[in-house]
Amino acid sequence: MDIPTLREAFQKNDIQKVKVGGWDVDGVLRGKYVSVEKFWSAAESGFGFCDVIFGWDIGDVLYDNAKVTGWDTGYPDTHAVVDLDTFRVIPWEPKTAAFFVDFVQPDGSAHPACPRSLLKKVIADAKARGYSATFACEFEFFVFEETPRSAWDKGFRGMTPLSPGMFGYSWLREGQHSDMVDALWQGAAAYGIPIEGFHTETGPGVYEAALRYQEALRMADNAALFKVAAKEILGRRGLMPTFMAKWNAELPGSSGHLHQSLWKDGKNAFHDASKPDGFSDLGQSYLAGQLALMPELTALYAPTVNAYKRYVPGVWAPLTATWGLENRTCAIRAIRGGEKGTRYEYRQTAADINPYVAIATCLAAGLHGID
(Lines give C-alpha, C1' and ligand atoms only; values in the text may rest on other atoms or scores of the structure.)
Protein backbone atom coordinates (compact mmCIF):
# COMPACT_ATOMS: atom_id res chain seq x y z
CA MET A 1 0.00 0.00 0.00
CA ASP A 2 1.37 3.42 -0.93
CA ILE A 3 0.21 6.92 -0.08
CA PRO A 4 -1.42 7.74 -3.45
CA THR A 5 -3.48 4.55 -3.22
CA LEU A 6 -4.41 5.38 0.36
CA ARG A 7 -5.54 8.87 -0.62
CA GLU A 8 -7.94 7.31 -3.11
CA ALA A 9 -9.22 4.90 -0.46
CA PHE A 10 -9.72 7.75 2.00
CA GLN A 11 -11.73 9.67 -0.56
CA LYS A 12 -13.81 6.62 -1.46
CA ASN A 13 -14.64 5.95 2.21
CA ASP A 14 -15.01 9.65 3.12
CA ILE A 15 -12.46 9.27 5.93
CA GLN A 16 -12.72 12.13 8.46
CA LYS A 17 -10.37 10.92 11.19
CA VAL A 18 -7.75 8.24 11.72
CA LYS A 19 -7.03 5.92 14.65
CA VAL A 20 -3.39 4.91 15.03
CA GLY A 21 -2.04 2.53 17.63
CA GLY A 22 0.62 0.05 18.59
CA TRP A 23 0.87 -2.98 20.84
CA ASP A 24 2.57 -3.06 24.22
CA VAL A 25 4.26 -6.10 25.79
CA ASP A 26 0.95 -7.27 27.31
CA GLY A 27 -0.82 -7.21 23.95
CA VAL A 28 -2.83 -4.10 24.79
CA LEU A 29 -3.51 -1.82 21.83
CA ARG A 30 -2.46 1.69 22.82
CA GLY A 31 -3.65 4.34 20.38
CA LYS A 32 -5.26 7.67 19.65
CA TYR A 33 -7.23 9.59 17.05
CA VAL A 34 -5.50 12.04 14.71
CA SER A 35 -6.82 14.33 12.03
CA VAL A 36 -6.49 13.32 8.40
CA GLU A 37 -3.99 16.15 7.88
CA LYS A 38 -1.89 14.94 10.81
CA PHE A 39 -2.04 11.39 9.49
CA TRP A 40 -0.56 12.27 6.10
CA SER A 41 2.38 13.85 7.88
CA ALA A 42 2.77 10.77 10.10
CA ALA A 43 2.50 8.45 7.10
CA GLU A 44 5.46 10.19 5.50
CA SER A 45 7.84 10.51 8.43
CA GLY A 46 6.31 8.85 11.50
CA PHE A 47 5.41 10.58 14.75
CA GLY A 48 6.23 10.64 18.44
CA PHE A 49 4.43 8.27 20.84
CA CYS A 50 5.03 8.37 24.60
CA ASP A 51 7.16 5.38 25.56
CA VAL A 52 5.38 4.99 28.89
CA ILE A 53 3.40 2.24 27.13
CA PHE A 54 6.51 0.10 27.67
CA GLY A 55 6.87 1.27 31.26
CA TRP A 56 3.56 0.21 32.79
CA ASP A 57 1.49 -2.94 33.07
CA ILE A 58 -1.98 -3.79 31.83
CA GLY A 59 -3.47 -1.66 34.62
CA ASP A 60 -1.24 1.36 33.91
CA VAL A 61 0.85 0.66 37.02
CA LEU A 62 4.45 1.73 36.43
CA TYR A 63 7.09 -0.97 36.59
CA ASP A 64 9.78 -0.37 39.19
CA ASN A 65 12.43 -2.36 37.34
CA ALA A 66 11.98 -1.40 33.69
CA LYS A 67 15.14 -0.91 31.64
CA VAL A 68 13.75 0.50 28.39
CA THR A 69 12.12 3.53 30.04
CA GLY A 70 11.39 4.92 33.48
CA TRP A 71 11.54 7.89 35.83
CA ASP A 72 15.25 8.21 35.08
CA THR A 73 14.55 8.87 31.39
CA GLY A 74 11.43 10.98 31.91
CA TYR A 75 9.23 8.78 29.67
CA PRO A 76 10.10 10.53 26.39
CA ASP A 77 8.56 9.91 22.99
CA THR A 78 9.61 6.92 20.98
CA HIS A 79 9.28 7.04 17.19
CA ALA A 80 6.20 5.39 15.70
CA VAL A 81 6.21 4.32 12.04
CA VAL A 82 2.83 3.73 10.40
CA ASP A 83 2.46 0.38 8.63
CA LEU A 84 0.40 1.46 5.64
CA ASP A 85 -0.47 -2.15 4.82
CA THR A 86 -2.58 -2.36 7.99
CA PHE A 87 -5.20 0.06 6.66
CA ARG A 88 -8.74 -0.77 7.72
CA VAL A 89 -11.99 1.13 8.02
CA ILE A 90 -13.61 0.70 11.44
CA PRO A 91 -17.10 -0.66 10.69
CA TRP A 92 -18.76 0.75 13.83
CA GLU A 93 -16.99 4.12 13.72
CA PRO A 94 -18.23 5.82 10.54
CA LYS A 95 -15.62 7.51 8.36
CA THR A 96 -12.73 6.37 10.59
CA ALA A 97 -9.61 4.64 9.29
CA ALA A 98 -7.30 2.54 11.45
CA PHE A 99 -3.60 1.69 11.22
CA PHE A 100 -1.02 -0.10 13.34
CA VAL A 101 2.39 1.36 14.02
CA ASP A 102 5.79 -0.16 14.74
CA PHE A 103 8.06 1.47 17.28
CA VAL A 104 11.66 2.23 16.37
CA GLN A 105 14.73 3.77 17.99
CA PRO A 106 16.53 6.95 16.79
CA ASP A 107 18.88 4.89 14.61
CA GLY A 108 15.92 3.26 12.86
CA SER A 109 16.29 -0.13 14.53
CA ALA A 110 13.32 -1.80 16.18
CA HIS A 111 12.42 -0.76 19.70
CA PRO A 112 13.50 -3.62 22.01
CA ALA A 113 10.04 -3.82 23.62
CA CYS A 114 7.96 -3.68 20.41
CA PRO A 115 6.25 -7.10 20.09
CA ARG A 116 5.20 -6.59 16.48
CA SER A 117 8.80 -5.85 15.50
CA LEU A 118 9.89 -9.00 17.33
CA LEU A 119 7.58 -11.10 15.17
CA LYS A 120 8.79 -9.36 12.02
CA LYS A 121 12.37 -10.27 12.95
CA VAL A 122 11.54 -13.97 13.41
CA ILE A 123 9.55 -14.01 10.14
CA ALA A 124 12.62 -12.57 8.43
CA ASP A 125 14.71 -15.36 9.98
CA ALA A 126 12.32 -17.92 8.47
CA LYS A 127 12.36 -16.17 5.10
CA ALA A 128 16.17 -16.23 5.08
CA ARG A 129 15.90 -20.03 5.31
CA GLY A 130 13.43 -20.07 2.42
CA TYR A 131 10.23 -20.55 4.46
CA SER A 132 7.01 -18.66 4.95
CA ALA A 133 4.94 -19.35 8.05
CA THR A 134 1.18 -19.78 8.21
CA PHE A 135 -0.69 -19.56 11.52
CA ALA A 136 -4.26 -19.70 12.75
CA CYS A 137 -5.52 -18.77 16.19
CA GLU A 138 -8.44 -20.10 18.24
CA PHE A 139 -9.72 -18.06 21.18
CA GLU A 140 -12.05 -19.20 23.93
CA PHE A 141 -13.78 -16.43 25.87
CA PHE A 142 -16.56 -16.02 28.41
CA VAL A 143 -19.39 -13.56 27.76
CA PHE A 144 -21.18 -11.80 30.61
CA GLU A 145 -24.35 -9.77 30.84
CA GLU A 146 -22.31 -7.00 32.37
CA THR A 147 -20.73 -3.67 31.54
CA PRO A 148 -17.30 -2.45 32.68
CA ARG A 149 -19.14 -0.31 35.28
CA SER A 150 -21.32 -3.13 36.66
CA ALA A 151 -18.36 -5.52 36.82
CA TRP A 152 -16.28 -2.88 38.62
CA ASP A 153 -19.05 -2.16 41.11
CA LYS A 154 -19.30 -5.89 41.88
CA GLY A 155 -15.58 -6.15 42.43
CA PHE A 156 -15.54 -8.54 39.46
CA ARG A 157 -17.36 -11.16 41.57
CA GLY A 158 -20.77 -12.72 41.11
CA MET A 159 -20.95 -11.69 37.50
CA THR A 160 -23.83 -12.97 35.37
CA PRO A 161 -22.81 -15.17 32.41
CA LEU A 162 -24.69 -14.93 29.13
CA SER A 163 -26.19 -18.38 29.77
CA PRO A 164 -25.97 -20.76 32.75
CA GLY A 165 -24.73 -24.32 32.77
CA MET A 166 -22.21 -26.32 30.75
CA PHE A 167 -23.06 -26.43 27.05
CA GLY A 168 -20.14 -27.35 24.80
CA TYR A 169 -20.95 -27.35 21.07
CA SER A 170 -24.55 -26.40 21.81
CA TRP A 171 -26.59 -25.87 18.66
CA LEU A 172 -29.36 -24.60 20.95
CA ARG A 173 -27.34 -21.98 22.82
CA GLU A 174 -25.76 -20.76 19.59
CA GLY A 175 -29.24 -20.34 18.12
CA GLN A 176 -30.66 -18.64 21.20
CA HIS A 177 -27.95 -16.00 20.95
CA SER A 178 -27.70 -15.93 17.16
CA ASP A 179 -28.03 -12.13 17.10
CA MET A 180 -24.87 -11.82 19.19
CA VAL A 181 -23.07 -14.43 17.10
CA ASP A 182 -24.05 -12.67 13.89
CA ALA A 183 -23.00 -9.26 15.20
CA LEU A 184 -19.56 -10.61 16.11
CA TRP A 185 -19.17 -12.68 12.94
CA GLN A 186 -20.22 -9.90 10.56
CA GLY A 187 -18.44 -7.18 12.50
CA ALA A 188 -15.16 -9.06 12.53
CA ALA A 189 -15.46 -9.84 8.82
CA ALA A 190 -16.10 -6.19 8.00
CA TYR A 191 -12.98 -5.36 10.01
CA GLY A 192 -10.90 -7.73 7.88
CA ILE A 193 -10.83 -10.55 10.46
CA PRO A 194 -12.53 -13.60 8.92
CA ILE A 195 -13.85 -16.19 11.36
CA GLU A 196 -13.67 -19.80 10.17
CA GLY A 197 -15.59 -21.48 12.99
CA PHE A 198 -17.60 -20.43 16.02
CA HIS A 199 -19.24 -22.51 18.75
CA THR A 200 -20.04 -22.69 22.43
CA GLU A 201 -17.50 -24.29 24.74
CA THR A 202 -17.94 -26.09 28.05
CA GLY A 203 -18.90 -23.49 30.62
CA PRO A 204 -21.51 -20.77 31.28
CA GLY A 205 -21.54 -18.25 28.46
CA VAL A 206 -18.27 -19.42 26.91
CA TYR A 207 -17.59 -19.42 23.18
CA GLU A 208 -14.72 -20.25 20.88
CA ALA A 209 -13.80 -18.37 17.70
CA ALA A 210 -11.44 -19.99 15.20
CA LEU A 211 -9.88 -17.29 13.06
CA ARG A 212 -9.04 -18.13 9.46
CA TYR A 213 -5.40 -19.01 8.84
CA GLN A 214 -3.11 -16.30 7.49
CA GLU A 215 0.54 -15.47 6.98
CA ALA A 216 2.12 -15.16 10.44
CA LEU A 217 2.17 -11.35 10.76
CA ARG A 218 -1.31 -10.94 9.35
CA MET A 219 -2.55 -13.63 11.73
CA ALA A 220 -1.03 -11.89 14.73
CA ASP A 221 -2.62 -8.61 13.63
CA ASN A 222 -6.01 -10.28 13.25
CA ALA A 223 -5.75 -12.25 16.50
CA ALA A 224 -4.73 -9.27 18.58
CA LEU A 225 -7.34 -7.02 16.99
CA PHE A 226 -10.09 -9.64 17.32
CA LYS A 227 -9.94 -9.41 21.10
CA VAL A 228 -10.30 -5.63 20.91
CA ALA A 229 -13.08 -5.87 18.32
CA ALA A 230 -15.04 -8.43 20.34
CA LYS A 231 -15.07 -6.09 23.35
CA GLU A 232 -16.19 -3.16 21.19
CA ILE A 233 -18.87 -5.10 19.29
CA LEU A 234 -20.34 -6.88 22.31
CA GLY A 235 -20.01 -3.80 24.50
CA ARG A 236 -22.44 -2.03 22.21
CA ARG A 237 -24.92 -4.81 23.00
CA GLY A 238 -24.57 -4.53 26.77
CA LEU A 239 -22.31 -7.59 26.97
CA MET A 240 -18.75 -8.00 28.17
CA PRO A 241 -16.36 -10.74 27.01
CA THR A 242 -13.20 -11.70 28.84
CA PHE A 243 -10.11 -13.40 27.41
CA MET A 244 -8.61 -14.09 30.83
CA ALA A 245 -6.91 -17.48 30.93
CA LYS A 246 -8.71 -18.48 34.13
CA TRP A 247 -11.38 -16.22 35.56
CA ASN A 248 -12.95 -18.80 37.90
CA ALA A 249 -11.12 -21.60 39.68
CA GLU A 250 -14.22 -23.83 39.47
CA LEU A 251 -14.53 -23.59 35.69
CA PRO A 252 -12.32 -24.51 32.71
CA GLY A 253 -9.86 -21.89 31.51
CA SER A 254 -9.84 -20.16 28.15
CA SER A 255 -7.36 -21.42 25.59
CA GLY A 256 -5.66 -19.60 22.73
CA HIS A 257 -4.40 -22.44 20.53
CA LEU A 258 -2.03 -21.75 17.64
CA HIS A 259 -2.12 -23.83 14.43
CA GLN A 260 1.04 -23.53 12.36
CA SER A 261 2.92 -24.78 9.32
CA LEU A 262 5.88 -23.80 7.18
CA TRP A 263 5.68 -23.44 3.41
CA LYS A 264 8.37 -23.50 0.73
CA ASP A 265 7.91 -23.04 -3.01
CA GLY A 266 4.15 -23.12 -2.54
CA LYS A 267 4.18 -26.48 -0.76
CA ASN A 268 3.56 -27.48 2.84
CA ALA A 269 7.03 -28.25 4.21
CA PHE A 270 5.56 -30.33 7.05
CA HIS A 271 3.86 -32.82 4.74
CA ASP A 272 5.54 -35.96 3.40
CA ALA A 273 3.18 -38.66 2.12
CA SER A 274 6.01 -41.23 2.15
CA LYS A 275 6.31 -41.06 5.94
CA PRO A 276 4.14 -43.34 8.10
CA ASP A 277 2.47 -40.42 9.88
CA GLY A 278 2.62 -37.99 6.96
CA PHE A 279 5.07 -35.57 8.61
CA SER A 280 8.32 -34.64 6.90
CA ASP A 281 11.71 -34.81 8.58
CA LEU A 282 11.74 -31.01 8.61
CA GLY A 283 8.34 -30.96 10.28
CA GLN A 284 9.56 -33.36 12.95
CA SER A 285 12.62 -31.17 13.58
CA TYR A 286 10.36 -28.13 13.94
CA LEU A 287 8.31 -30.05 16.50
CA ALA A 288 11.44 -31.17 18.36
CA GLY A 289 12.59 -27.58 18.75
CA GLN A 290 9.29 -26.56 20.26
CA LEU A 291 9.31 -29.47 22.71
CA ALA A 292 12.92 -28.89 23.75
CA LEU A 293 12.32 -25.23 24.61
CA MET A 294 8.77 -25.48 25.92
CA PRO A 295 9.59 -25.32 29.68
CA GLU A 296 11.74 -22.20 29.40
CA LEU A 297 9.50 -20.47 26.88
CA THR A 298 6.46 -20.88 29.12
CA ALA A 299 7.47 -17.48 30.50
CA LEU A 300 6.58 -15.99 27.11
CA TYR A 301 3.58 -18.21 26.33
CA ALA A 302 2.01 -17.61 29.76
CA PRO A 303 2.44 -13.89 30.46
CA THR A 304 0.02 -13.48 33.38
CA VAL A 305 -0.67 -14.92 36.82
CA ASN A 306 -3.99 -16.23 35.54
CA ALA A 307 -2.24 -18.06 32.73
CA TYR A 308 -0.54 -20.24 35.34
CA LYS A 309 -3.81 -20.75 37.21
CA ARG A 310 -5.07 -22.46 34.05
CA TYR A 311 -2.39 -25.15 34.40
CA VAL A 312 -4.21 -27.60 36.67
CA PRO A 313 -4.79 -31.33 36.09
CA GLY A 314 -7.91 -32.58 34.36
CA VAL A 315 -9.15 -29.49 32.52
CA TRP A 316 -7.39 -29.88 29.15
CA ALA A 317 -4.59 -27.36 29.75
CA PRO A 318 -1.33 -29.28 29.11
CA LEU A 319 1.11 -29.60 31.99
CA THR A 320 4.06 -31.36 30.30
CA ALA A 321 6.14 -30.99 27.14
CA THR A 322 4.30 -33.65 25.15
CA TRP A 323 2.98 -34.22 21.66
CA GLY A 324 0.66 -36.72 20.04
CA LEU A 325 -1.03 -37.53 16.76
CA GLU A 326 -4.56 -36.11 16.90
CA ASN A 327 -4.23 -36.06 20.70
CA ARG A 328 -5.89 -33.14 22.49
CA THR A 329 -4.45 -34.10 25.88
CA CYS A 330 -0.94 -33.16 24.76
CA ALA A 331 0.76 -29.79 24.63
CA ILE A 332 1.14 -30.12 20.86
CA ARG A 333 -1.38 -31.92 18.68
CA ALA A 334 -0.02 -33.14 15.34
CA ILE A 335 -2.74 -32.95 12.68
CA ARG A 336 -2.53 -35.08 9.55
CA GLY A 337 -4.24 -32.88 7.01
CA GLY A 338 -2.70 -33.89 3.72
CA GLU A 339 -0.84 -31.51 1.44
CA LYS A 340 -2.78 -28.45 2.57
CA GLY A 341 -3.68 -29.13 6.18
CA THR A 342 -0.76 -30.95 7.80
CA ARG A 343 0.16 -28.79 10.78
CA TYR A 344 0.78 -28.57 14.50
CA GLU A 345 -1.65 -27.17 17.05
CA TYR A 346 0.17 -25.58 19.97
CA ARG A 347 -2.18 -26.09 22.92
CA GLN A 348 -0.18 -24.70 25.84
CA THR A 349 -1.18 -21.13 25.11
CA ALA A 350 -4.23 -19.42 26.62
CA ALA A 351 -6.55 -16.68 25.39
CA ASP A 352 -4.54 -14.01 27.21
CA ILE A 353 -1.48 -14.43 25.00
CA ASN A 354 0.13 -11.51 23.27
CA PRO A 355 -0.29 -13.01 19.76
CA TYR A 356 2.86 -11.31 18.44
CA VAL A 357 5.04 -12.71 21.21
CA ALA A 358 3.43 -16.17 21.20
CA ILE A 359 3.63 -16.62 17.41
CA ALA A 360 7.19 -15.30 17.33
CA THR A 361 8.13 -17.70 20.11
CA CYS A 362 6.52 -20.72 18.42
CA LEU A 363 8.16 -19.95 15.11
CA ALA A 364 11.58 -19.23 16.62
CA ALA A 365 11.49 -22.48 18.63
CA GLY A 366 10.57 -24.42 15.49
CA LEU A 367 13.41 -22.83 13.51
CA HIS A 368 15.76 -23.70 16.38
CA GLY A 369 14.74 -27.33 15.99
CA ILE A 370 15.39 -27.20 12.26
CA ASP A 371 18.79 -25.62 12.78
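This report describes the overall dimensions, helices, strands and nonpolar cores of a predicted model.

**Overall build**

The protein contains 11 helices and 15 strands. Its radius of gyration is 21 Å, close to the 21 Å given by the globule rule for 371 residues, so the protein is as compact as a globular protein of that length. Taken along the principal axes, the C-alpha atoms fill a box of roughly 60 × 50 × 45 Å. Of the 371 residues, 52% are buried. The accessible surface comes to about 17,200 Å², and carbon and sulfur atoms account for 55% of that area. Among contacts between residues at least 6 apart in sequence, 68% join residues at least 24 apart.

**Nonpolar cores**

The largest nonpolar core has 70 residues. Within this core, the residues with the most contacts are Phe-135, Phe-141, Phe-226, Leu-258, Leu-262 and Leu-363. Helix H7, spanning residues 216–235, gives the most to this core, with 12 residues. Apart from this core lies another of 30 residues, which includes Val-34, Phe-49, Val-52 and Phe-103.

Leu-363 shows how parts of the chain come together in the largest core. Leaving aside residues up to four places away in sequence, Leu-363 touches Val-122, Ile-123, Ala-126, Ala-133, Phe-135, Leu-262 and Tyr-286. Two of these partners, Phe-135 and Leu-262, are themselves listed with the most contacts inside the core.

In helix H1, Ile-3, Leu-6, Ala-9 and Phe-10 are the buried residues. These residues cover an arc of only 115° around the axis, which puts them on the same side of H1. Pro-4, Glu-8, Gln-11 and Lys-12 are exposed on the other side of H1. The buried residues of H1 pack against E1, H2, E4 and E5. Just after H1, Asp-14 takes a positive phi of about 50°.

Helix H2, residues 36–45, has Val-36, Phe-39, Trp-40, Ala-42 and Ala-43 buried. Seen down the axis of H2, the buried residues fall within an arc of 165°, so they line one face of the helix. Glu-37 and Glu-44 are exposed on the other side of H2. The cover over the buried residues of H2 includes helix H1 (3–12) and the strands E1 (17–23), E2 (29–35), E3 (47–50), E4 (77–89) and E5 (96–104). H2 is followed by Gly-46, whose phi is positive, near 80°.

Strand E14, residues 332–335, is covered on both faces. Ile-332 and Ala-334 are buried on one side, and Arg-333 and Ile-335 are buried on the other.

E14 runs parallel to strand E13 (residues 323–325), to which 3 bridges join it. With strand E15 (residues 343–346), E14 pairs in the antiparallel sense over 4 bridges. Ala-334 takes part in both pairings: Ala-334 is the bridge partner of Leu-325, and Tyr-344 in E15 is the bridge partner of Ala-334.

**Two individual residues**

Leu-84 is found in strand E4, whereas Trp-247 lies in the loop between strand E10 (240–242) and strand E11 (258–264). The table lists their relative accessible areas.

| Residue | Relative accessible area | State |
|---|---|---|
| Leu-84 | 15% | buried |
| Trp-247 | 23% | partly exposed |

The cut-off for a buried residue is under 20% relative accessible area, so Leu-84 at 15% counts as buried.

Not counting residues up to four places away in sequence, Leu-84 touches Met-1, Asp-2, Ile-3, Leu-6, Phe-39, Ala-43 and Phe-99. With the same exclusion, Trp-247 touches Phe-142, Phe-144 and Asn-306.

The C-alpha atoms of Leu-84 and Glu-174, which are 90 residues apart along the chain, are separated by 37 Å. For Trp-247 and Gly-192, 55 residues apart along the chain, the C-alpha separation is 29 Å.

Notes: Residues are numbered from 1 along each chain as its sequence is written. This is a predicted model: local features need pLDDT of at least 70, side-chain atom pairs count only at pLDDT 80 or more; totals for chains, interfaces and linings use all residues. Side-chain values use heavy atoms; hydrogens and water are left out. A nonpolar core is a set of buried Ala, Val, Leu, Ile, Met, Phe, Trp, Tyr and Cys residues joined through side-chain atoms within 4.5 Å. Buried means under 20% relative accessible area, exposed over 50%, partly exposed in between (1.4 Å probe, protein chains only). Helices (H or I, at least four residues) and strands (E, at least two) are DSSP runs, numbered from the N terminus. Contact means heavy atoms within 4.5 Å. Two strands pair if DSSP finds at least two bridges between them. The arc is that of the directions from the helix axis to the C-beta atoms. The radius of gyration is taken over C-alpha atoms; the globule rule is 2.2 Å times the number of residues to the power 0.38. Accessible areas come from the Shrake-Rupley method with a 1.4 Å probe; for residues, only the protein chains shown count as cover.
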